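I opened the notebook to go through one model from its pocket to its surface contacts. I wanted each entry tied to a stated criterion.

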Amino acid sequence: MERILELLRENSRLTNKEIATRLGLAEADVAFRVAELEKSGTVLGYHAVIDQEKIGKRGVTAFIEVKVTPESGGGFDRFARRISQYEQVRSCYLMSGGYDLVVVVEGADLYDVARFVAEKLSTLDVVLSTATHFQLRTYKHDGFLLNTPSTEGPLPVSP
């Protein structure tokens with residue numbers, strides 16, 4: 001299963017036949033295993049990684065650090081699930097360090113994100129503070145290099 005998942009993570013467009021060939025398995029076995037992974041919720045979906053600059057998409061992505069008061073008996077889970085329901089929220093992660101959650105939000109512009117923070121996020125009683133960081137450019141996303149000219153290998157590292 002792990003090997004199938006790794007191949008799907010690298011390229012979700014691979015057919016069951018292609019996966020079977022690469023792993024030396026029967027196509028029917030791969031089809032069964034992939035169906036089981038989807039049915040169990042291990043594989044939640046498939047998506048394309050898109051270079052937004054190349055399609056001229058405008059808008060902003062913000063990474064919002066959120067410090068909250070954990071709820072008794074539920075910790076951060078109930079709050080995280082609640083804010084994850086907003087359509088602007090692309091991702092939500094529990095973090096270690098100086099804040100509790102990071103929320104990734106997409107908006108049409110800076111004001112759209114500011115309204116989300118002011119009207120939806122900061123108004124919740126458990127929110128103690130937020131810090132918003134705006135993404136300026138993407139160089140690598142989900143393992144794919146974007147917006148960068150090809151180079152001859154990694155940059156040299158000096159000790």
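**Basis.** I am working with a predicted model, in which local features need pLDDT of at least 70 and side-chain atom pairs count only at pLDDT 80 or more, while totals for chains, interfaces and linings use all residues. Residues are numbered from 1 along each chain as its sequence is written, and side-chain values use heavy atoms, with hydrogens and water left out.

I looked up the largest pocket and noted a volume of about 1700 Å³. Its lining has 43 residues, of which His47, Ala48, Val49, His141 and Asp142 are the closest to the centre. A pocket here is an open set of points on a 1 Å grid over the protein atoms alone, where a 1.4 Å probe fits, with protein on both sides within 12 Å along at least five of seven lines, and lining residues have an atom within 4 Å of a point; the volume is the space filled by probe spheres set on the points, which are joined across faces, edges and corners. Helix α1 gives the most to this lining, with 5 residues (helices are DSSP runs of H or I, at least four residues, and strands runs of E, at least two, numbered from the N terminus).

**Asp142.** I then checked the backbone of Asp142, which lies in the loop between β5 and β6, and found phi near 50 degrees, a positive value in a residue other than glycine. Most residues other than glycine have a negative phi.

**Surface patch.** Leu110, Tyr111, Phe134 and Leu136 form a nonpolar patch with about 500 Å² of accessible area together (patch residues have over 30% relative accessible area and no salt bridge, and nonpolar side chains are joined within 5 Å; areas come from the Shrake-Rupley method with a 1.4 Å probe). Tyr111, in helix α5, counts as exposed at 61% relative accessibility (buried is under 20%, exposed over 50%, partly exposed in between).

**Salt bridges.** I recorded 4 salt bridges, each a side-chain nitrogen of Lys or Arg within 4 Å of a carboxyl oxygen of Asp or Glu. One of them joins Glu106 and Arg90 at 3.6 Å, N to O, and this pair links distant parts of the chain, strands β3 and β2, 16 residues apart. In another, Asp112 and Arg115 have their closest N and O atoms 3.5 Å apart; because they are 3 residues apart in helix α5, about one helical turn separates them.

How values were computed: Patch = residues over 30% accessible without salt bridge, like charges linked within 9 Å, V, L, I, M, F, W, Y side chains within 5 Å. Buried < 20%, exposed > 50% of the residue type's maximum accessible area, 1.4 Å probe, protein only.
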